[in-house]
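Subject: Structure handover

Hello,

Please find the structure below, with notes on what was found in it after that.

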Amino acid sequence: MNRITAIGKYLDQPMLTAKINKYVPHTLAIGSGVYLGKVLHDKPIEEKKKEGFKSAIILAATAISAVFAPKIASKVTGRKMSKTLSQVKKSNAEFVDEFVSKNKNNELNPILEKTKDKLLSLSDITTLFNKDKKLGDKIIPPPDNIQAKDIFKEIGYLSVYGAVPVAGGITGGIVADRISEPDWKKRIPNKINEGVYQYLANIFLCNVGAGAALGVLEKSNVKSKTARCLGMVGGILLTGVIGGSVMANYIGNKLINPIISKDKKEEKRTPELLDLSLHTDDIATVSLLSGLKWIEPSLPILYSISGYRAGIGYRNNKEDSDK
């Protein structure tokens, strides 16, 4: 086993995924606190109290909804939740105890014992897979041979998953404005429009593009994982960055604004560098092919950025912004 493969296996350890998942709420809380500090630092003294209060509500609403998003998405779509850290430890302990009882003199037993409550090192993984690949696959399962139909099942889960923090951000933003702004109703369209943009361009359509690209590649009998991954990335960029922006602007100008704010002029929200960076979450879809399951638990952090931007009603045009 070469070092690159060993690193891939290291990242695929179920215990690593479970540990990341466990500490995501802490990360969101710390990150929200740091960002709130930045907001307070950047605002003039006379605005610190009001803007800090509003940001705190939006950050809290977004973070809480992002933490609960995987549970809600799993319940809505029927997808099984990832194992918790305690469940992974219990599963590993049961397997190791059974194996060791039947193979007491196996030279790999010391490495297996580590999997009960620790992550395996790169050297441990290399030794394990070089000595007994089948045993290694029991500890660190290989990626499934995912096909397009499986991707589209995953799209439903990821789409609900991403919608929850965005909805939480919008709700938090409306509540914050209702308490502190006399013209709070006029600010609602920006929040909904930005939420639609974030959801379509940065979440939903990217997943659809990845699945559609994989379907085309399967029809073309393309077997290379590299080609499939590149094709999915292309689908993400085409449908999300380009198509999502166009569709979100159209929905905002032709549907949302006329209903909520009839005197609202047409606006155009264009992709920015941060928007492009948010497409990191689409690696979760591409990772279904490569087995990078450790990325999925980090999605609440990435989706919460979209939720917060929706909550503050962020728009490219400063004249249209809540700020």
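Angles under 35 degrees count as roughly parallel, those over 145 as roughly antiparallel, 65 to 115 as roughly perpendicular, and the rest as oblique. This is a predicted model, in which local features need pLDDT of at least 70 and side-chain atom pairs count only at pLDDT 80 or more, while totals for chains, interfaces and linings use all residues. Residues are numbered from 1 along each chain as its sequence is written, and side-chain values use heavy atoms, with hydrogens and water left out.

Overall picture

The protein chain has 13 helices and zero strands; helices (H or I, at least four residues) and strands (E, at least two) are DSSP runs, numbered from the N terminus. Of its 323 residues, 45% are buried. Buried means under 20% relative accessible area, exposed means over 50%, and partly exposed lies in between, with a 1.4 Å probe and protein chains only. Among contacts (heavy atoms within 4.5 Å) between residues at least 6 apart in sequence, 77% join residues at least 24 apart.

Helix 2 and its partners

The axes of helix 2 and helix 4 come within 8 Å and cross at roughly 160°. Axes are lines fitted to C-alpha atoms, for helices over the stretch in contact, and angles run from 0 to 180 degrees between N-to-C directions. Helix 2 and helix 4 are therefore roughly antiparallel, and their crossing is left-handed. A crossing is left-handed if the near helix is turned anticlockwise from the far one by less than a right angle, and right-handed if clockwise. On the helix 2 side are Pro14, Met15, Ala18, Lys19 and Lys22, which meet Leu85, Val88, Lys89 and Asn92 in helix 4. By class, these are five nonpolar, one polar and three charged residues. Ala, Val, Leu, Ile, Met, Phe, Trp, Tyr, Cys and Pro count as nonpolar, Asp, Glu, Lys and Arg as charged, and the others, Gly among them, as polar.

Helix 2 (residues 14-42) also packs with helix 3 (residues 45-77), at an angle of about 160° and with axes 10 Å apart. This pair is therefore roughly antiparallel too, but the crossing of helix 2 and helix 3 is right-handed. The contact of helix 2 with helix 3 has eleven nonpolar, four polar and two charged residues.

Helix 9 and helix 13

Helix 9 (residues 188-219) and helix 13 (residues 299-311) have axes that come within 7 Å and cross at roughly 155°, which makes them roughly antiparallel. Their crossing is right-handed. Contact residues include Lys191 and Glu194 of helix 9 and Tyr303 and Arg309 of helix 13. This contact holds three nonpolar, five polar and three charged residues.

Two loop residues

Glutamate 107 sits in the loop between helix 4 (85-102) and helix 5 (109-114). Its relative accessibility is 58%, so glutamate 107 counts as exposed. Its C-alpha atom is 9.7 Å from that of leucine 128, 21 residues apart along the chain.

Threonine 115 lies in the loop between helix 5 and helix 6 (122-131). With a relative accessible area of 3%, threonine 115 is buried. Leaving aside neighbours within four places in sequence, threonine 115 is in contact with Met15, Asn92, Val96, Leu120 and Ile139.

Regards
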